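Subject: Handover of a structure and notes on it

Dear colleague,

Please read them with the structure open beside you.

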Amino acid sequence: MKKNINLRSMAAQAIEQVVEQGQSLSNVLPALQHKVSDKDKSLLQELCFGALRTLPQLDWLINKLMSRPMTGKQRTVHYLIMIGLYQLLHTRIPAHAALAETVEGAVAIKRPQLKGLINGVLRQFQRQQDVLQAEFEQSEQRFLHPTWLLKRLQKAYPQQWQHIVEANNLRPPMWLRVNRNHHSRDAWLALLAESGMEGFPHPGYPDAIRMASAVPVSALPGFNEGWVTVQDASAQGCITFLEPQNGERILDLCAAPGGKTTHILEAAPQANVLAVDIDEQRLSRVYDNLKRLGMKAEVKQGDGRHPAQWCGDEKFDRILLDAPCSATGVIRRHPDIKWLRRDRDISELVQLQAEILDAVWPHLRPGGTLVYATCSVLPEENSQQIAAFLSRTSDARLSVTGTPERPGQQNLPGAEEGDGFFYAKLSKQ
């Protein structure tokens, strides 16, 4: 058992690293979780994810409750108060425990002289909570999204933007992918029921199951044996459109962490798959996924803009391009995206996507299939990107997905559906 650990101060420091230093929570959180006991890992995760999900509300409240912001070396205290407010507003932690642990967090960050201030702010919130919450619900911050992103969503989806925002602010469902080489989906659902758990099949993606409630992967029947993988339903749609076949040479480009690589091999166990990603560190997770599922693929580090460097003049029967994107479709899974991404990033990503598409297309055999996918909901990265590609690429044809005027299929995030995701299936003449 790890002792003398204050989870609230750790959460505050994590949020500070994300918001002030631009670090991804996916990079910050695992190192912190190693320092705490197993039973505390989930609470630390809840505090971090929850605070980032509701950041504008917590900031707004602090500005109302304090005459001046905490700055400089005291800035961590701002985030500690934020963690305290999150517990009082959005968790079932008893108020007295939330207050006591948050106040004690000041000692852990070596600011014991500010314990009285933290206690006073949180107790003041308790006294004014109803009034403050009513006022917040009338404020511009109530949608819990940065202004630039709200404007883009409102422009792209004038009728649906509020639905998207509401879905982004929910906790994500747990989706699984059944390995069809071991069990049919129905057979694995029966095993799940025998274990006392409940899941629901996705109507469109044949391997996808939504859990009634999230559980540790160790509780899932056959997880260690590779019977099932955690993967969002929409991400599974890539393989539905790719339709990989045994004996084909298939490229999975921008492949890390390897969820789609292994799904290709589940659908076509005798396919010859090359998985490529620019990030060498993330490629280690591709190897981990292949090992757990007992699969083999060729794995290389490489830049999608320069395929000749990692495949020479080789041509592929099928290419899955899971392009670098804004990740605006997976905000409910990664709420830090709202605060890490900037409006100016979008045009840079659109340019990068176009460069990769143009570079990799010559490596698709005539008659072959390329599936372009992103976990974005922004048209600039999706339907507009593919429309521009089709207009400049004479031997590319849209297949199945969308229309020439609005190419591709756009999934939006929903309470019981998959994440926001885009697919365009292209064939080469």
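In what follows, buried means under 20% relative accessible area, exposed means over 50%, and partly exposed is what falls in between, with a 1.4 Å probe and protein chains only. Helices (H or I, at least four residues) and strands (E, at least two) are DSSP runs, numbered from the N terminus. The model is predicted, which is the reason that local features need pLDDT of at least 70 and side-chain atom pairs count only at pLDDT 80 or more, while totals for chains, interfaces and linings use all residues. Residues are numbered from 1 along each chain as its sequence is written, and side-chain values use heavy atoms, with hydrogens and water left out.

Let me begin with strand β12, which covers residues 421–428 and is mostly covered, eight of its eight residues being buried. In a regular strand the side chains alternate between the two faces of the sheet. Here F421, Y423, K425 and S427 point one way from β12, whereas F422, A424, L426 and K428 point the other way, and all are buried. Two strands are said to pair if DSSP finds at least two bridges between them. Strand β9 (residues 364–374) pairs with β12 in the antiparallel sense over six bridges, and T374 has F422 as its bridge partner in β12. Strand β10 (residues 396–398) is also antiparallel to β12, with three bridges, and there A396 is partnered by K428. Strand β11 (residues 409–411) pairs with β12 over three bridges, again in the antiparallel sense, with Q409 opposite Y423.

In the loop between β10 and β11 you will find V400, which has a positive phi of about 70 degrees although it is not a glycine. V400 is exposed, with a relative accessible area of 68%. K110, likewise not a glycine, has a positive phi of about 60 degrees; it lies in the loop between α6 (95–108) and α7 (115–136) and is exposed, at a relative accessible area of 65%.

Another sheet is open and consists of four strands in the order β2-β3-β1-β4, with antiparallel pairing. Because β2 (199–201) and β4 (228–230) stand at the edges with a single partner strand each, one side of each is left without a neighbour in the sheet. Three bridges join β2 to β3 (residues 208–211), and P201 stands opposite I209 in β3.

How many disulfides does a search of the whole structure find? The search finds zero, where a disulfide is a pair of cysteine sulfur atoms within 2.5 Å. The sulfur of C311 is 13 Å from the closest cysteine sulfur, in C254, which is too far for a bond, and C311 is buried, with a relative accessible area of 10%. C325 is in no disulfide, the nearest cysteine sulfur, that of C375, being 3.5 Å away; C325 also counts as buried, at 10% relative accessibility.

One further backbone feature is the peptide bond from A256 to P257, which is cis, with omega near 10 degrees. P257 lies in the loop between β5 (249–253) and α12 (259–267).

With kind regards
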